[in-house]
Amino acid sequence: MNTQLDLAALEKLGSLHKHGQIIAIASGKGGVGKTSATLNMAQAAAKQGKKVLVFDADLGLANVDVQLGVNPARDLSEVLTGNAELEQVITRAPKAGFDFIAGRSGSDTLPFTTALDRRNILKQIEKVAANYDLVLLDIAAGVGDDVLSFANFADKTLLVITPDPSSITDSYAVIKLLKAKHYKNNCQVLINQANGDIEARNTYEKIRMAADKFLQIDIPLFGVIPHDKNYIMAVRKQTLLLESFPHMPIADTIRGLAKKLIDQTSD
Ligand SMILES: Nc1ncnc2c1ncn2[C@@H]1O[C@H](COP(=O)(O)OP(=O)(O)OP(=O)(O)O)[C@@H](O)[C@H]1O
Ligand SMILES: [Mg+2]
């Protein structure tokens, strides 16, 4: 297969915009809070009247269904084995307020086997996105081919970064490889688990300066989610913040981020 042509075709697909905005939630390092941020923003956007789809694109360690506490009847494995179209494996989760596509069956892992698998899935995401305002892709941590393909395909990539130094350096690697392999610069930074405004600002400045100095890339700040014990409790209870702690400041933060996603979408 001609990879250059393949990539060019995907770029074109992604830029047609006959669909809802497709946003990838990525991180260099694992465990920084991608899945919980994705689901909480998805619910907040749904409560603001948007039709939202979450795609569990962490094919190795898919766990959107676990965090939601929903047992999906169908999942992505049927699509990868050619037994279903993506549209057919969408799980409706009325209580959550949005739809999702589960990434696994039981404890099986599901890496894409070929670039063709990947291309097929991206094409199908493009198709189902026509029925939604927002499609959030919860992608795996790191800089693997799957990760970079999803991030490249998305209209926008939110890079979740914590103040942990390894999170900052690993995120830099994502920005660098997206540029090197896909000539793409669509990242915005979502600082998570910051202890206070100063730590959040310092974390953002480190990644902003590195991207500017070494890659000549301007990487805007999308938003900040503080470290919050209610967050941990909600995850343990398999609920979302707006359900468990709707009146806490963290819920307002999440609502604000969802509003920003929606506002940026309609730009
Ligand atoms: N703002 C926050 N405050 C406190 N704890 C948080 C916050 N964000 C995430 N966490 C905690 O971090 C842990 C990891 O979160 P999550 O599973 O969303 O990360 P992830 O990036 O999706 O991980 P993985 O890379 O394994 O998919 C969870 O236990 C969650 O409660
Ligand atoms: Mg996750």
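**Helix 6.** I started with helix 6, residues 145-153, in this predicted model. I counted seven of its nine residues as buried, so helix 6 is largely enclosed by the rest of the structure. For "buried" I needed 20 or more other C-beta atoms within 10 Å of a residue's own. I then noted which residues of helix 6 pass: Val147, Leu148, Ser149, Phe150, Ala151, Asn152 and Phe153.

**Strand 2.** Next I looked up strand 2, residues 52-57. Six of the six residues are buried here, so strand 2 is largely enclosed by the rest of the structure too. I asked myself which residues of strand 2 lie on one side and which on the other. Val52, Val54 and Asp56 share one side, while Leu53, Phe55 and Ala57 sit on the other, and both faces are covered.

**Partners of strand 2.** I followed strand 2 to strand 5, residues 134-141, and found six bridges joining the two in parallel. Strand 4, residues 98-101, also runs parallel to strand 2, with three bridges between them. Val54 makes a handy landmark for me: it stands opposite Leu136 in strand 5 and opposite Phe100 in strand 4.

**Ligand 1.** Last, I turned to ligand 1. How many residues surround it? I found 19, and the closest are Gly30, Gly33, Lys34, Thr35 and Ser36. I also checked which elements supply at least two residues of this shell: helix 2 (34-47), strand 7 (187-194) and helix 9 (229-236) each do. Sorting the shell by class, I noted seven nonpolar, nine polar and three charged residues.

Conventions. Residues numbered from 1 in each chain as written. Chains lettered and ligands numbered in written order. Predicted model: local features only at pLDDT ≥ 70, side-chain atom pairs only at ≥ 80, totals over all residues. Buried ≥ 20, exposed ≤ 12 C-beta atoms within 10 Å, placed from the backbone. Helix = DSSP H or I, 4+ residues; strand = E, 2+ residues; numbered from the N terminus. Pairing = 2+ DSSP bridges. Near = placed C-beta within 6 Å. Nonpolar A, V, L, I, M, F, W, Y, C, P; charged D, E, K, R; others polar.
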